[in-house]
Amino acid sequence: MSTKQKEIIKKHILGIVFSIIAFISFFFIFSIIKLNNSLPDYNNEIDISGLKSSVKIYRDSCAIPYIIAENDEDAMFALGYVHAQERMFQMDMFRRAGEGRLSEIFGSQTVFYDKLFKTLGLYKLIKENYNKYSNESKKFLEAYSNGVNAFINKTNGNFPIEFKLLEYEPYKWKPEHSLLILKMMAWQLNISWWTDIVFTHLVQKLGAEKVRDILPDYPENTPTIIPTSISNYPEVALDLIRLDRDFRQFIGFNGTHIGSNNWVINGKKSSSGKPIMANDPHLSLSAPGQWFVVVIKSPQLNAQGFTIPGVPGIVIGNNSDISWALTNIMADDCDFYNEIFDSTGTKYLFNNDWHELKIYRDSIVIKDSLTIDFEIKATHRGPIISEVHTFNKLFPNEYQNKSQMSIKWTALDFSDEQLAMIKLNKAKNWNDFKDGLKHYVAPGQNFIYADKEGNIGYVFGARLPIRGTNNTSFVFDGTTDSDDWKGYVPYDQVPKLFNPTRNFIATANNKTDKNFEYHITNLWEPNSRIEKINELLINKTKHSVQDFMSYQMDFYSNYAKNIVPYILNAFQDFEIKDKNLLLSLELLSKWDFIMHENNQTPLIYSVFYKFLLENIFLDEMGDALFNEYIFVANIPYRVINQLFEKNESSWFDNITTNNFESRDDIIRKSLSEALDYLEKKFGKHIVNWQWGNAHQISFMHTFHGVSDLLNETFDLGHFRIGGDGTTIFLSQYQLNDQFDVILGPSMRYIYDFANPDEFYFILPTGQSGNVLSEHYNDMIDFWLKGKYHKINTNIRTIESGDNDLLILNPKNN
């Protein structure tokens with residue numbers, strides 16, 4: 001080949017290469033422009049159908065919207081519009097999950113999640129009962145839906161990148177979808193049923209006497225009675241909770257310390273002379289987060305605080321007269337029943353008679369595949385939930401059905417939480433507040449209250465079943481009515497508190513009323529957080545907003561304070577030659593029990609605790625049952641205290657050895673194994689064993705784990721962090737895993753009535769769910785460091801500030 005020919009070929013190749021580069025560059029620039037078009041429009045004036053009057057939406061430097069409307073409906077329309085602007089993909093995921101429509105976009109990997117929620121029938125329940133909702137609820141819901149749909153219609157396909165990657169667009173938003181998201185929140189916060197299945201399985205495997213030692217107790221609860229009928233059931237499999245755990249991980253509902261802290265003081269304990277309130281709900285930490293902050297002003301509605309994208313109204317916050325905050329009651333509002341079917345599978349045995357099962361059909365549409373039709377069965381209590389993890393031979397899977405169980409859950413009855421929220425948003429006093437909560441059912445919440453007159457209060461917000469027994473931690477016998485619910489505790493009998501003499505109210509998922517005659521739950525959180533909160537509020541005469549900020553960042557563990565003396569005592573008069581063991585014991589003896597990220601002692605203690613659980617339970621439970629037993633973290637936290645105090649349990653003995661191990665033997669073994677682990681992972685120098693080297697937080701997106709590229713694009717972190725599952729600043733990790741944080745303060749909120757036009761807040765990541773937005777991750781640093789943004793809600797300040805302004809005008813058709 002001649003030199004000239006080579007030059008021609010070279011130029012031709014270079015021309016092709018440059019053309020390819022130009023095309024790629026053009027495509028990249030075009031894609032960026034298209035994606036940037038998905039960013040919310042903060043500065044514009046838009047004519048839009050569905051409004052009665054113009055609405056102004058100011059946004060500050062954190063993208064907090066200040067909605068100023070001339071009526072409630074337009075305010076809710078605007079709220080729907082801004083929620084959709086910032087969180088449309090998140091909203092669509094949650095409603096799809098509740099409807100059982102995830103497989104339409106994700107394919108067969110989500111088919112069992114869809115079957116779970118179609119079987120529960122949340123969306124079906126809402127549609128069938130929609131006419132029962134109050135006119136005020138429907139007014140808010142319909143206006144809000146119109147706002148969401150106005151955004152969908154106005155977007156012209158320029159949706160966030162998630163929609164483009166999954167190649168679909170959101171369908172029309174309905175009022176029922178907002179109600180469905182409220183039901184999905186109830187499912188997220190409902191963990192009582194996990195233990196019913198696990199404890200029943202434990203009894204079937206190990207026997208009642210063996211299991212009795214490791215059931216969490218509470219001093220004021222009645223002694224635990226294990227039903228003798230359990231031995232007659234078919235084996236209660238763990239499949240359902242495994243399936244639900246997989247779903248929670250998929251959708252971003254990780255963690256089981258789904259509690260919170262809230263407290264309120266009156267003017268006698270406040271440095272400002274007015275009530276001050278604080279709240280930090282503990283939920284799964286994800287990108288984006290679960291809350292969206294907004295200020296809403298109309299002639300009848302003057303409320304601000306924290307909303308759930310997809311739902312019209314302020315869930316936590318304040319208006320011009322009152323403030324309110326929430327924590328999870330941990331209410332046991334769900335039971336399972338072992339059912340017996342006849343040979344045809346169409347009848348179930350109840351009170352010595354065969355009763356017809358309610359049977360109806362549903363279907364699941366699977367992307368690029370077939371549509372599956374299936375049967376749903378129900379008794380008078382509720383649906384048969386034990387069949388959700390199988391489609392017989394259509395979809396091979398790991399789950400094996402071994403028993404027929406029905407579910408009874410308060411959220412499967414009609415309730416109007418939307419009306420409760422509206423009434424709280426508009427409440428002017430204590431009586432209005434109590435009246436609103438009559439309509440509240442699930443998820444069960446501790447509502448604390450304060451008002452501008454200086455009053456403080458508490459209301460138990462839940463519909464609580466009346467049962468024939470206070471021992472509800474097991475699957476019941478469904479063949480009789482002996483364990484059927486006898487109704488619900490009347491609202492006028494649920495715990496309430498108004499202006500207590502100690503001048504403050506605090507809750508942290510603890511038992512709030514020791515003398516309450518009805519069973520609430522056996523799943524209280526360990527007392528560590530509430531003890532520390534009470535100590536802080538009692539030991540100081542006056543408290544300020546700045547004090548409350550400090551308290552919300554508190555890393556002190558009362559729980560660790562109770563455990564460490566047992567470790568030190570186990571090594572008394574014990575010859576120690578290992579240098580790191582000597583140093584570790586010295587560090588533990590001098591520890592202030594603050595779980596600081598830069599301290600080595602918290603890591604030594606936490607790794608010890610991990611091995612302690614394994615050494616006590618694993619030999620007899622086996623891997624599968626052990627992992628389920630410790631999954632709901634408050635169970636082992638409370639049981640370890642019980643076992644240590646008694647010091648006589650057979651659980652300390654390792655059945656795989658010829659010796660009989662005592663409590664102290666297991667403690668010594670666990671600390672020794674912990675040090676071996678730490679030396680292998682971090683080296684022999686204890687200086688490198690800082691808690692923050694292992695204990696870190698990443699805010700993960702729904703796409704996490706699909707590919708490294710998507711992880712890099714959507715996930716946020718890793719960040720070092722202090723605390724654990726027993727500190728006020730709660731930072732939960734899975735006890736059977738590494739120490740990565742999965743759950744913690746999903747927001748922080750502080751409000752002082754001395755400055756009624758201001759409140760303090762922070763979110764873990766940011767307001768926006770759009771990964772291209774500067775507000776996707778602009779609050780992380782403040783959240784980690786305990787800093788807050790101050791919001792001024794005065795209209796003149798809003799209008800005169802350096803804020804963006806979006807005006808929505810009614811369109812003349």
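Ser323 lies in strand S9, which spans residues 322-328; strands (E, at least two residues) and helices (H or I, at least four) are DSSP runs numbered from the N terminus. The model is predicted, so that local features need pLDDT of at least 70 and side-chain atom pairs count only at pLDDT 80 or more, whereas totals for chains, interfaces and linings use all residues. Residues are numbered from 1 along each chain as its sequence is written, and side-chain values use heavy atoms, with hydrogens and water left out.

Ser323 has a relative accessibility of 0% and therefore counts as buried (buried, under 20% relative accessible area; exposed, over 50%; partly exposed, in between; 1.4 Å probe, protein chains only). Leaving aside residues up to four places away in sequence, Ser323 touches Met277, Gly317, Asn318, Ile448, Tyr449, Ala450, Tyr749, Tyr751 and Phe753, a contact being heavy atoms within 4.5 Å. The side chain of Ser323 reaches the backbone oxygen of Gly317 at 3.1 Å and makes a polar contact with the side chain of Tyr749, at 3.1 Å. A polar contact is a pair of N or O atoms within 3.5 Å; within protein, one must be able to donate a hydrogen and the other to accept it, and residues adjacent in sequence count only if both atoms are side-chain atoms.

Helix H6 (residues 135-154) packs against helix H12 (residues 417-426) at an angle of about 90°, with their axes 9 Å apart. The two helices, H6 and H12, are therefore roughly perpendicular (65 to 115 degrees; under 35 is roughly parallel, over 145 roughly antiparallel and the rest oblique). Axes are lines fitted to C-alpha atoms, for helices over the stretch in contact, and angles run from 0 to 180 degrees between N-to-C directions. Glu136, Ser137, Phe140 and Leu141 of H6 meet Gln418, Leu419, Ile422 and Lys426 of H12.

The side chains of Glu136 and Lys426 form a salt bridge (3.2 Å, N to O), defined as a side-chain nitrogen of Lys or Arg within 4 Å of a carboxyl oxygen of Asp or Glu. This pair links distant parts of the chain, 290 residues apart. Glu136 is partly exposed at 26% relative accessibility, as is Lys426 at 24%. By this rule the count comes to 37 salt bridges. A network of salt bridges links Asp92, Arg95, Arg96, Glu99, Arg101 and Glu104. Within it, Arg96 pairs with Glu104 at 3.4 Å, and Glu99 with Arg101 at 3.9 Å. Arg96 is buried at 3%, whereas Glu104 is partly exposed at 26%.
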